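Reader: I've got a model open on my screen and I'd like to learn how to read it. Could you walk me through it, starting with the pockets?

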Amino acid sequence: MSSREPDGLEACPMSGDGGTSGNSGYGRKAFKRSRSHFADRITADGRDGWPVAPGRYRLVVSRACPWASRALVSRRLLGLEDALPLAVTDPVQDDRSWRFTLDPDGRDPILGIRYLSEAYDRRETGYPGGVSVPAVVDVPSGKLVTNDYQQITLDLATEWTSLHRPGAPDLYPEALRDEIDEVMAGVYEDVNNGVYRAGFATGQEEYETACAGVFRRLEQLVPRLERQRYLVGDTITEADIRLFTTLVRFDAVYHGHFKCNRWKLTENPVLWGYVRDLFQTPGFGDTVDFDHIKRHYYQVHTGINPTAIVPLGPDLSGWLTPHHRQELGGRPFGDGTPPGPVRADETVPVRGRA
């Protein structure tokens with residue numbers, strides 16, 4: 001199984017160069033996403049030593065991170081909330097790593113740790129690379145299992161099936177995997193990762209190349225999404241999840257903070273309609289916290305935004321306006337059903353909602 005993204009890359013590391021220079025390093029060195037050092041898989045047969053088991057693992061995320069948000073959306077669509085408990089970090093990490101300051105006494109109540117780096121250290125002391133989310137931690141041992149973000153969501157869809165809720169959608173249908181992989185590969189290179197290459201560029205040519213690539217790929221997606229509701233087939237798939245988590249952050253942070261400002265998402269009728277459609281679909285918008293998103297990017301990336309001032313905008317009211325995408329047909333959950341209400345302990349605070 002392959003997502004055709006580069007193997008084993010870190011998502012949302014502690015710093016832009018893998019954690020060696022802290023938050024001030026963002027934007028001061030050429031951007032290169034570090035390879036994930038922990039790529040074990042949690043599978044139905046436990047072939048890597050980590051079998052699927054309800055309650056054994058803890059998913060650690062930041063709601064600010066687009067890569068971690070993929071896992072949030074997948075977990076909710078598939079109904080894995082009870083099987084894979086959630087830990088949410090403070091959106092503003094310090095130079096030591098993602099921290100659990102949102103929890104009482106500043107410790108994760110299950111793992112008992114103050115910093116995600118502690119779970120990394122229990123797995124391997126002195127490992128190379130940064131402390132990234134999403135991360136899956138083995139609760140009994142307190143050790144990190146994996147931070148391989150592109151494989152985590154694929155395995156949730158295909159290896160955790162015995163624990164899926166009744167009516168869970170097939171997010172990675174076998175018959176469409178080649179097309180899904182192809183679409184995701186282009187989106188990853190130019191959009192998911194492209195906004196970071198633009199935002200962390202240290203020279204004009206580097207920035208212009210990355211920024212042009214972002215908008216070229218987005219414009220290539222428009223004809224596809226003009227004629228069909230979802231990226232591949234007539235249902236939501238992994239491809240939609242991966243594009244959504246970048247698009248939902250576009251106007252709030254990538255347009256200004258990362259200088260991807262040829263146009264705003266709200267100025268593109270097709271993409272704005274597409275992302276609003278997903279946002280209003282259970283499992284997508286109800287996992288998004290705009291407050292966390294904005295505070296993370298503007299307060300953590302001090303190499304880009306040294307004042308750490310967080311903008312007041314953009315206006316979020318448009319996210320809940322009619323999108324009319326249902327006129328294109330499509331069945332969001334295929335033969336399945338929407339997920340139920342959000343658990344009370346996982347509801348996004350009012351300040352972070354559209």
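Author: The largest pocket holds about 380 Å³ of space. Of the 21 residues that line the largest pocket, Leu-86, Val-88, Asp-103, Asp-345 and Glu-346 are the closest to its centre. Before we go on: this is a predicted model, where local features need pLDDT of at least 70 and side-chain atom pairs count only at pLDDT 80 or more, while totals for chains, interfaces and linings use all residues. Residues are numbered from 1 along each chain as its sequence is written, and side-chain values use heavy atoms, with hydrogens and water left out.

Reader: What counts as a pocket, and how is its volume defined?

Author: On a 1 Å grid over the protein atoms alone, a pocket is an open set of points with protein on both sides within 12 Å along at least five of seven lines, and lining residues have an atom within 4 Å of a point. Points are joined across faces, edges and corners, and the volume is the space filled by probe spheres set on them. Here the second largest pocket comes to about 230 Å³. Its lining has 15 residues, and Phe-279, Gly-285, Asp-286, Val-288 and Arg-353 lie nearest the centre.

Reader: How do the residues of the lining of the largest pocket divide into nonpolar, polar and charged?

Author: For the sorting, Ala, Val, Leu, Ile, Met, Phe, Trp, Tyr, Cys and Pro are nonpolar, Asp, Glu, Lys and Arg are charged, and the others, Gly among them, are polar. The lining of the largest pocket has 7 nonpolar, 2 polar and 12 charged residues.

Reader: Which strand gives the most to the lining of the largest pocket?

Author: Strands (E, at least two residues) and helices (H or I, at least four) are DSSP runs, numbered from the N terminus. The top contributor to that lining is β2, with 3 residues.

Reader: And how do I read strand pairing around β2?

Author: Two strands pair if DSSP finds at least two bridges between them. Strand β2 (residues 86–88) runs parallel to β1, with 3 bridges joining them, and Val-61 has Val-88 as its bridge partner in β2. From β1 the chain passes through helix α1 (residues 66–78) to β2, a right-handed β-α-β crossover. Right-handed means that, with the strands pointing away from the viewer, the path from the first strand over the helix to the second runs clockwise. Strand β1 also has 4 bridges to β3 (residues 135–138), running antiparallel, and Arg-58 sits opposite Val-137 there.

Reader: Is β1 buried or exposed?

Author: Buried means under 20% relative accessible area, exposed over 50%, and partly exposed in between (1.4 Å probe, protein chains only). In β1 (residues 57–61), 5 of the 5 residues are buried, so the strand is largely enclosed by the rest of the structure. Tyr-57, Leu-59 and Val-61 point one way, and Arg-58 and Val-60 the other.

Reader: What about Arg-70, and what does its side chain contact?

Author: Arg-70 lies in helix α1 and is buried, at 1% relative accessible area. A polar contact is a pair of N or O atoms within 3.5 Å; within protein, one must be able to donate a hydrogen and the other to accept it, and residues adjacent in sequence count only if both atoms are side-chain atoms. The Arg-70 side chain makes one with the side chain of Asn-192 (3.3 Å).

Definitions and conventions:
1 Å grid on protein atoms, 1.4 Å probe; cavity = no way out; pocket = protein on both sides within 12 Å on 5 of 7 lines; lining within 4 Å.
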